[in-house]
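Me: Please take a close look at one spot in this protein. Then connect that spot to the rest of the fold. Keep it brisk.

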Amino acid sequence: MAPAAYAIDYETIFRFAPVGMCISVNRVIQASNDTLTQMFRYAHGALDGQSFLALYPTMDEFLRTGHRIIPIMNARGRYSDERIMRRATGELFWCHVTGRALDAQDPLGPGVWTFEDVSEKRPVSAELTPREREIAAFLVEGKTSKMIARHTDLSPRTVEMHRARLMRKFGAATSSELVHKLVGTR
């Protein structure tokens, strides 16, 4: 007996996808799926119509990430990183975020974004300032202090000071040990 044919229902696929997903326009969530609202501890549909700001630990991190996304989206049409985000409960967690603009000429306009909670592999184990969270995210990507300085408009020396503070907070003796602790490996 042949398997039954199923009609493809994209709305159902979106709603029940195993990864958090949303459609956004100008960094405002137009529609979100169940996985996204559950991941961020919101009620079903509560994120729809909300700014992405609701998912960030601070306004400053929301603004800096927006500025960082634009040139990358302009060059590639998509963006991906791992960063610390905030649940409705206030809990901070590491999240892998990927987005794609529907119109390459409008990087923050209509887009599709996915979110994956990676906190089991990478718990947030130290109290970090917003700037330390930003530097930590770049270190996880393998960026050098000079590269981080270019992305953040900080001096390489200031980046090194933040890296040193992170090393103290995580009890890391070397930069590679710090990265291992940030990604949750030994």
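At what relative accessibility does Asp153 stand, and does Asp153 count as buried or exposed?

Reply: Asp153 counts as exposed, at 74% relative accessibility. The cut-offs are these: buried is under 20% relative accessible area, exposed is over 50%, and partly exposed is in between, with a 1.4 Å probe and protein chains only.

This is a predicted model: local features need pLDDT of at least 70, side-chain atom pairs count only at pLDDT 80 or more, and totals for chains, interfaces and linings use all residues. Residues are numbered from 1 along each chain as its sequence is written, and side-chain values use heavy atoms, with hydrogens and water left out.

Asp153 sits in the loop between α5 (145–152) and α6 (156–170). Helices (H or I, at least four residues) and strands (E, at least two) are DSSP runs, numbered from the N terminus. The phi of Asp153 is near 60 degrees, a positive value in a residue other than glycine. Most residues other than glycine have a negative phi. Arg41 also has a positive phi, near 65 degrees. Arg41 lies in the loop between α2 (34–39) and α3. Arg41 counts as partly exposed, at 43% relative accessibility.

Now follow the chain on into α6. There, Glu160 and Arg163 lie three residues apart, about one turn of the helix. They form a salt bridge, with the closest N and O atoms 3.8 Å apart. A salt bridge here is a side-chain nitrogen of Lys or Arg within 4 Å of a carboxyl oxygen of Asp or Glu. Glu160 is partly exposed at 39%, whereas Arg163 is buried at 10%.

Next, a link to another helix. Arg68 belongs to helix α3 (residues 59–76). At 11% relative accessibility, Arg68 counts as buried. Leaving out residues up to four places away in sequence, Arg68 touches Tyr79, Asp81, Glu134 and Phe138. A contact means heavy atoms within 4.5 Å.

Asp81 and Arg68 meet in a salt bridge through their side chains (3.6 Å, N to O). The pair links distant parts of the chain, with Asp81 in strand β3 (residues 78–86) and Arg68 in α3, 13 residues apart. Asp81 is buried, at 4% relative accessibility. Both belong to a salt-bridge network that also includes Asp60, Arg64, Arg83, Arg131 and Glu134.

A further pair follows β3. Arg87 forms a salt bridge with Asp117, with the closest N and O atoms 3.0 Å apart. This pair too links distant parts of the chain: Arg87 is in the loop between β3 and β4 (92–101), Asp117 in strand β5 (residues 111–117), 30 residues apart. Arg87 is buried at 2%, while Asp117 is partly exposed at 29%. The whole structure holds eleven salt bridges.

Step back to the fold. The protein has seven helices and five strands, in the order α-β-β-α-α-β-β-β-α-α-α-α. Of its 186 residues, 44% count as buried. Among contacts with a separation of 6 or more, 47% join residues 24 or more positions apart. The C-alpha atoms fill a box of roughly 60 × 35 × 35 Å, taken along the principal axes.
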